[in-house]
Amino acid sequence: MRLRHLLLSLGLSAPVLATAAATDFVAGWQAVMAHSPAYAASVAQAQAGQTKAEQGRALWRPQVLLNAGAGWASQRTQMDGAAFTAPGFGTSQDVGFRTQVDQGLGTAVTLMVQQPLLGGSRRANAEQLAAMARLAALQGQAERQALIWRLVDTHLQVLQAQDAVRIADAEAQASAKAADAARERYQTGAAPVTAVHEAQARHDMALAQRVQSQQTLNVAQLAYRQLTGLASAEPRALAQQAPIALSIDTEAQWQERARTQGLAARMAEESVALARAEVEKHQATAPWSLDLVGRVSDERIRGDGPYATAGQDARVSNRQQWLGLQLQVPLYTGGMQGAQAQEAALNLQAALARQLDVVQLQERDVRAAWLGVQSAQAQWQAAMQALRSAQDRRGATQTGFDVGHRTMLELLDAERDWLQAERQATLAQHQALLSRLRLDAMAGTLDESSLERANAWLRTTPMTTSTP
């Protein structure tokens, strides 16, 4: 009774889950999309990555720049030894020109339009930005798949925790009945006092296990509700006869899908494309650029000056218009370009090596998931056979106990084995479902349709547990 009171004081008594909203995989995913901060972050990150493509296209579009400024300025211009010719004045040699403005107001305005025409480095930059956009889209898909996987895994963890609580409840109830029966048999002289102590010890152990199981359930439910944003949601349990027999394609077919559609392989491919573009950007002929440039500028200074006419400010103005081609070729960069080219080449080697590693890991993971489905099916069939055998043993042990041929411990062991066989069958169902979804993830096809197929495994109502 003290343990029971401890359960209640800690708030660890199992709720009646049938009153909560029954949430399947699809409804849970819709809640994740609506409420999960992780999903919102992945969407924003993917959208930010897509701007890279627009940045790459912008590299080839006209650029319009306006520079304007005003402030305090002074200027002194002196020219000696010049020749001067004007109508009616003839030609004068060794002429000097001087202008000077002190403490004047200076203004400068420049408008420039630049249209890129050619350029190896610019082309490589555009290719890199396009690859970054594709990589961001793939990363967004990968994060979306990771959240789908997290949802299913969290859903099943709640179910496993609920199952553990249910088993702990059943063991506690069975051990309580056994303890009562042992006390009655002891009072009639049909059983020794040690049988009473053994039954009571087993009951206390079952209640202690109940505390631990309920704590695990509370944590799993919190994780599920935080992920979905649903305060009172309870995931639906798997049907007792879930469709464990999965019809899946051959391992070779899944391997081919992973190679051609898998997100890991495609992201590694885009990483190689980024590294190749970086190599092209630092090749010897890449850094040059040819642009069409138009420029209009106006610079003026007005203020006091020693050569100004009395009563008037001195003025200096300079206006320019320019339209033509502008070629830019770096001739010497102090060794920077060579070092960057060497770095890019080594990074490309690393990207190619990582791509090979990703392919090998993916091949192994596909095989493991495919074998996991086969293994889970075999485990489920074995567990179902073990469940039938444990049920027969349970009944036989109960009969033997009633006639005095079996001990209390043997009866409780038979009850526990029956419950554990049932749990193993459920765990095999979970493993089969997770392995099947893992195949979808590695093929790049884990989406809402996968969750719709997984919904066929669920009951129409959530599992219920009772307070011991």
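This is a predicted model: local features need pLDDT of at least 70, side-chain atom pairs count only at pLDDT 80 or more; totals for chains, interfaces and linings use all residues.
Residues are numbered from 1 along each chain as its sequence is written, and side-chain values use heavy atoms, with hydrogens and water left out.

So what is in the chain? You'll find 10 helices and six strands. Helices here are DSSP runs of H or I with at least four residues, strands are runs of E with at least two, and both are numbered from the N terminus.

Two strands count as paired if DSSP finds at least two bridges between them.

Let's walk across it. β2 and β3 are antiparallel and joined by 20 bridges. Along that pairing, Gly-69 faces Ala-108 of β3, and Ala-73 faces Gly-104 of β3. These two strands make a hairpin with three residues between them, and Gly-88 there has a positive phi near 85 degrees.

Next step over: β3 and β5 are also antiparallel, with 15 bridges joining them. Val-113 has Gly-294 in β5 as its bridge partner. Then β5 (residues 289–304) pairs with β6, in the antiparallel sense, over 15 bridges. Here Val-293 is opposite Gly-324 of β6, and Asp-291 is opposite Gln-326 of β6.

One bit of background while we're on strands: in a regular strand, side chains alternate between the two faces of the sheet.

Now the helices. I'd like to look at α7, residues 263–281. How far does α7 reach from its first C-alpha to its last? It covers 27 Å with its 19 residues, close to the 27 Å expected at 1.5 Å a residue. That expected span is 1.5 Å times one less than the number of residues.

Which residues of α7 are buried? They are Leu-263, Ala-265, Ala-268, Glu-270, Val-272, Leu-274, Ala-275, Ala-277 and Lys-281. Buried means under 20% relative accessible area, exposed means over 50%, and partly exposed is in between, using a 1.4 Å probe and protein chains only. Those buried residues of α7 pack against α4 (120–187), α6 (251–261) and α8 (336–402).

Take α6 as the example. The axes of α6 and α7 come within 6 Å and cross at roughly 35 degrees. Those axes are lines fitted to C-alpha atoms, for helices over the stretch in contact, with angles from 0 to 180 degrees between N-to-C directions. On the α6 side, the contact is made by Ala-258, Arg-259, Thr-260 and Gln-261, and on the α7 side by Leu-263, Ala-265 and Arg-266. Contact means heavy atoms within 4.5 Å.

On to the inside. Over the chain of 468 residues, 38% count as buried. The largest nonpolar core has 31 residues, and the ones with the most contacts inside it are Phe-25, Trp-29, Val-152, Leu-156, Leu-433 and Leu-451. Such a core is a set of buried Ala, Val, Leu, Ile, Met, Phe, Trp, Tyr and Cys residues joined through side-chain atoms within 4.5 Å. Two or more residues each come from α2 (25–35), α4, α5 (193–228), α9 (408–442) and α10 (448–454). α4 gives the most, with nine residues.

Zoom in on Leu-433: setting aside neighbours within four places in sequence, Leu-433 contacts Phe-25, Leu-156, Ala-454 and Trp-457. Apart from this core there's another, of 11 residues, among them Ala-383, Met-384, Leu-387 and Trp-418.

Last stop, Leu-230, in the loop between α5 and β4 (233–235). Is Leu-230 buried or partly exposed? At 27% relative accessibility, Leu-230 counts as partly exposed. Leu-230 and Gly-28 lie 202 residues apart in sequence, yet 8.7 Å apart in space, C-alpha to C-alpha. Leaving aside neighbours within four places, Leu-230 touches Thr-23, Ala-31, His-35 and Arg-225.
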